[in-house]
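Please look at the model shown here with a helix pair and a pocket in mind.

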Amino acid sequence: MTWKNEKSQQAFLRAKDIMPGGVNSPVRAWKSMNMDPVILKKAFGSKVVDVDDNEYIDYICSYGPLILGHSHPVVVKAIQEAAENGTTFGSTSIHEIDFCSVIVDAFPAMQKIRLVNSGTEATMSAIRLARAYTHRDLILKFEGCYHGHADSFLMKAGSGLLTDRIPSSPGVPKETAQLTLNCSFNDTLQVEECFQKYGDQIAAIIVEPYPANMGLLFPKKGFLEFLREITSHYGSLLIFDEVISGFRFCYGGLQNLLHIHPDLTTLGKIIGGGLPIGAYGGKEDIMNMVSPEGTVYQAGTLSGNPIAVAAGQATLHELKLQQNLYDDIELQTEKLTFGIQTLLQNRNIPHILHKHGSVYSLFFTSIPDVQNYHDVCKTDTKFFSTLFEYLTQLGIMIAPSPYEVSFISSAHSELDISNTLLAWDEAITKTHS
Ligand SMILES: *Cc1c(COP(=O)(O)O)cnc(C)c1O
């Protein structure tokens, strides 16, 4: 079947009239791909379908939540049952209590947890709590790490670290931006410099243990341990933002695999099973400061929503039950990335592959190593956008940005992988010629 997009184009024209950029989240507009986005109407398993009836093997997977693929039967059933028993209460339900204990049990460093409605809410609330707990105002984050769209995290990459800390979005007061230090990932010296200068003012370091919002990056050996040590030394908190990595690489967080205990952890994506949810949790004495036990205010009309909780609980239950699931999706990912790398190598196309578990990213660059945001920016965006267009037309859905990772789910079959590789072969051939 040949690819067509008349209906998507018509729908996107309508969308642009009523939504800024035609979307409800910027990356969906495909702006940097110089293409109009296809408009979806449904999804199942590893596939999404657009309004022109083109079917795509999906490697966006909603940017992380869908580790079981779209509309997994167990998750759908849980949602249906929950909906029949009340969609929201405004009072605590027994399901929330069960669900919270499931998560707390999965994280050795977590004694108490609070549910919210998105990853953004989780990180925003976590830094408020860290500031209250330490009686300090500064937050240290890393360039290219994404922690949602709250004011404190929207910092210009590459701005003068210790002097002019500039917001990356209009509408963020520069006074707020002044309170966020922006270091380069893997740069221990820079972090040390910040603590030497501001150590007694830094409330917390927030970090994605394996950054996955600028492609996938890895910490240098000892880097995360160093962050744990320096925060402890200066009485600051360490916050692991595991919104993507929570339950992605194992049952629990990366912190379980790395044996590092952060003071606070933020979660989202997978724990909602495809419905809106977020959570933050950690050590009891810190969490006890949250209202109403303590004085740090944070609330939510729909927090602990019974349908989101049901979807999340079904997902986590499935992840625990299917003992080989993590190994199986890792194996599929290995087959896929080995195949893609072979295709790229055969044509001498410079690239670096970063892969962990069921997440991978490709940097089209000839630099030897990609360690931080500066390196990430060396990727050939033009090559990527051409490749993206061909892949789309061949029925492969990857994120419309060279800085987003690809996700593999347990719904991706052997056949999906081999079909994906056939498409990549054709797309690379066309892009390269
Ligand atoms: C997606 C993401 C967030 C924000 O979560 P939302 O649910 O989109 O608000 C925060 N941190 C990380 C690491 C993320 O990947």
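The paragraphs below take up the helix pair and then the pocket.

This is a predicted model, in which local features need pLDDT of at least 70 and side-chain atom pairs count only at pLDDT 80 or more, while totals for chains, interfaces and linings use all residues. Residues are numbered from 1 along each chain as its sequence is written, and side-chain values use heavy atoms, with hydrogens and water left out.

Helix H3, residues 94–106, packs against helix H10, residues 306–321, at an angle of about 40° and with the axes 10 Å apart (helices are DSSP runs of H or I with at least four residues, strands are runs of E with at least two, and both are numbered from the N terminus; axes are lines fitted to C-alpha atoms, for helices over the stretch in contact, and angles run from 0 to 180 degrees between N-to-C directions). That angle makes H3 oblique to H10, since angles under 35 degrees count as roughly parallel, over 145 as roughly antiparallel, 65 to 115 as roughly perpendicular and the rest as oblique. On the H3 side the contact, meaning heavy atoms within 4.5 Å, is made by His 95, Glu 96, Asp 98, Phe 99, Val 102 and Ile 103, and on the H10 side by Val 309, Gly 312, Gln 313 and Leu 316.

H3 also takes part in the second largest pocket, where H3 and strand S4 (112–116) each supply at least two residues of the lining. S4 gives the most to this lining, with 4 residues.
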